[in-house]
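Please view the sequence and the structure below before reading on.

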Amino acid sequence: KKEKEEESVDPVFTREQTAKRFNVDLSTLHRWTRQGKIVAHAIGARVYYKESSIQGALIKIKKAT
């Protein structure tokens, strides 16, 4: 039972880690977030991006090109 719970956890990444994965500047990531291309999740004053949000954004970006 515990193994299934661990598999369902969606890893989160910082703004810096996410920008690096997309190979873009933080300002570009911020613009994409404002435009709704990727969903950000705030915890207090910190912003994180879930793996599922990153994958969804990658799909959208690939379709646009």
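## A residue and its contacts

Thr18 touches Phe13, Leu29, Ile38, Tyr49 and Ile54, when residues up to four places away in sequence are not counted. The model in which these contacts are found is a predicted one. Thr18 itself belongs to helix H2.

Is Thr18 buried or exposed? The relative accessibility of Thr18 is 0%, and Thr18 therefore counts as buried, since the term applies under 20% relative accessible area.

## The sheet

The model contains an open sheet formed by 3 strands, placed in the order E1-E3-E2. The pairing within this sheet is antiparallel. Strand E1, residues 12-14, and strand E2, residues 41-43, stand at the edges. Each of these two has a single partner strand, so one side of each is left without a neighbour in the sheet. On average, neighbouring strands of the sheet are turned by 45° against each other, with direction ignored.

Strand E3 covers residues 46-50, and its antiparallel pairing with E2 extends over 3 bridges. Ile43 has Arg46, in E3, as its bridge partner.

## Helices across the sheet

Which strands does helix H2 lie across? Helix H2, made up of residues 15-22, lies across E1 and E3. The direction of H2 is at about 95° to E1.

Helix H4 comprises residues 51-64 and lies across E1, E2 and E3.

## Aromatic rings and a charge

How many aromatic pairs does a search of the whole structure find? The search finds 1 such pair. It is formed by Phe22 and Trp32, with 5.4 Å from centre to centre and 85° between the planes. This geometry is edge-to-face, because the planes are over 60 degrees apart.

The pair links distant parts of the chain, for Phe22 is in helix H2 and Trp32 is in helix H3, residues 26-35. The two residues are 10 residues apart. Phe22 has a relative accessible area of 12% and is therefore buried. Trp32, with a relative accessible area of 13%, is buried as well.

Another ring, that of Phe13, has a charged group over it: the charged end of Arg21 sits there, 5.0 Å from the ring centre. Phe13 is also one of the residues that Thr18 touches.

Conventions. Residues numbered from 1 in each chain as written. Predicted model: local features only at pLDDT ≥ 70, side-chain atom pairs only at ≥ 80, totals over all residues. Heavy atoms only, no water. Pairing = 2+ DSSP bridges. Helix = DSSP H or I, 4+ residues; strand = E, 2+ residues; numbered from the N terminus. Axes fitted to C-alpha atoms, helices over the stretch in contact; angles between N-to-C directions. Contact = heavy atoms within 4.5 Å. Buried < 20%, exposed > 50% of the residue type's maximum accessible area, 1.4 Å probe, protein only. Phe/Tyr/Trp six-rings, centres within 6.5 Å; stacked < 30°, edge-to-face > 60°. Lys NZ or Arg CZ within 6 Å of the ring centre and 35° of its normal.
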